[in-house]
Structure formats: C-alpha cells, structure tokens
Amino acid sequence: MFSIRLMRFGSKKKPFYRIVAIDLKSPRNGMLKEVLGYYDPTKNDFKNKIFLKSFNRFIFLIQNGAKVSSTIFFCLKNVIIIFFLLIKILMYCIDLKDEFF
C-alpha cells in the first residue's frame, strides 16, 4: 500500500518539498517509489507553489488505493478550485465572444 505525501528538502527556514509516492510504513524521508511533483511554500504566487509532473499518474495511484496525506489534499483542493474557476471564466468569455461576432 502506498501513500502520497511530502518529502522535505532545502535548508533551515527555506523548506522545499517533493510530492512523492512512498510505502505507508516508511519514515518521512525513507525509500520512495516515485516523485510526482514539487511544492514550494516560499513562493508568493499560488500558481507556482505546486507543480505536478503528471496529473494522470497521480490520479492512477489514487484509483489503485494510494492514500493522500491531508497536506497534499488541501493544497491540491485549492489548485483544483482555481482550475475550475479558470474554466468557468474561459467558458464565459467564449459565450461573450459569440455574442459580439
């Protein structure tokens, strides 16, 4: 069974995290299965804080029983909310474009 959680890197007071798939029984910085992305809490703008290499791989691991840590859940929840807001804005702009042309 795997868990998707953060692995800490960086120096003191400058944390940098990797989003990794790791065995449930491993310690925080134990042997990892694969790196799924990065999380940098020191960045000011939210869109650059989280970077997922492959969202499809992330979804595949969740569908196969990987458990997501609470920190990853809340970070990605915010990203998904922003993503859907951007889609709504784009759809609204497309509707306005059809009215003007």
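Strands β3 and β4 run antiparallel and are joined by three bridges; two strands count as paired if DSSP finds at least two bridges between them. This is a predicted model, in which local features need pLDDT of at least 70 and side-chain atom pairs count only at pLDDT 80 or more, while totals for chains, interfaces and linings use all residues. Residues are numbered from 1 along each chain as its sequence is written, and side-chain values use heavy atoms, with hydrogens and water left out.

**Overall make-up**

- The protein has two helices and five strands. Both kinds of element are DSSP runs numbered from the N terminus: helices are H or I with at least four residues, and strands are E with at least two.
- Along the sequence the pattern reads β-β-β-β-α-β-α.
- Of the 101 residues in the protein, 27% are buried. Buried means under 20% relative accessible area, exposed means over 50%, and partly exposed is in between (1.4 Å probe, protein chains only).
- Among contacts between residues at least 6 apart in sequence, 33% join residues at least 24 apart. A contact means heavy atoms within 4.5 Å.

**The sheet**

- The five strands form an open sheet with mixed pairing, in the order β4-β3-β2-β1-β5.
- Strands β4 and β5 (67-68) stand at the edges with a single partner strand each, so one side of each has no neighbour in the sheet.
- Helix α1 packs on the sheet and touches β1 (2-11), β2, β3, β4 and β5. The direction of α1 makes about 130° with that of β3; axes are lines fitted to C-alpha atoms, for helices over the stretch in contact, and angles run from 0 to 180 degrees between N-to-C directions.
- Strand β2 (residues 14-23) pairs with β3 in the antiparallel sense, over six bridges.
- In this pairing, I19 stands opposite G37 in β3, and I22 stands opposite L32 in β3.
- On the β4 side, Y39 stands opposite I50 in β4.

**E34 and the salt bridge**

- One salt bridge is found in a search of the whole structure. The term means a side-chain nitrogen of Lys or Arg within 4 Å of a carboxyl oxygen of Asp or Glu.
- This bridge joins the side chains of E34 and R57, at 2.9 Å from N to O.
- The pair links distant parts of the chain, with E34 in strand β3 and R57 in helix α1 (residues 55-63), 23 residues apart.
- R57 is partly exposed, with a relative accessible area of 29%.
- Leaving aside neighbours within four places in sequence, E34 is in contact with I19, V20, A21, R57 and L61.

**D40, without a salt bridge**

- D40 lies in the loop between β3 (32-39) and β4 (50-52).
- D40 is buried but has no salt bridge, and the nearest side chain of opposite charge, K43, is 4.5 Å away. For charge, Lys and Arg count as positive and Asp and Glu as negative, while His and the chain ends are not counted.
- The side chains of D40 and T42 are joined by a polar contact of 2.6 Å. A polar contact is a pair of N or O atoms within 3.5 Å; within protein, one must be able to donate a hydrogen and the other to accept it, and residues adjacent in sequence count only if both atoms are side-chain atoms.
- Apart from neighbours within four places in sequence, D40 is in contact with P15, F16 and K49.
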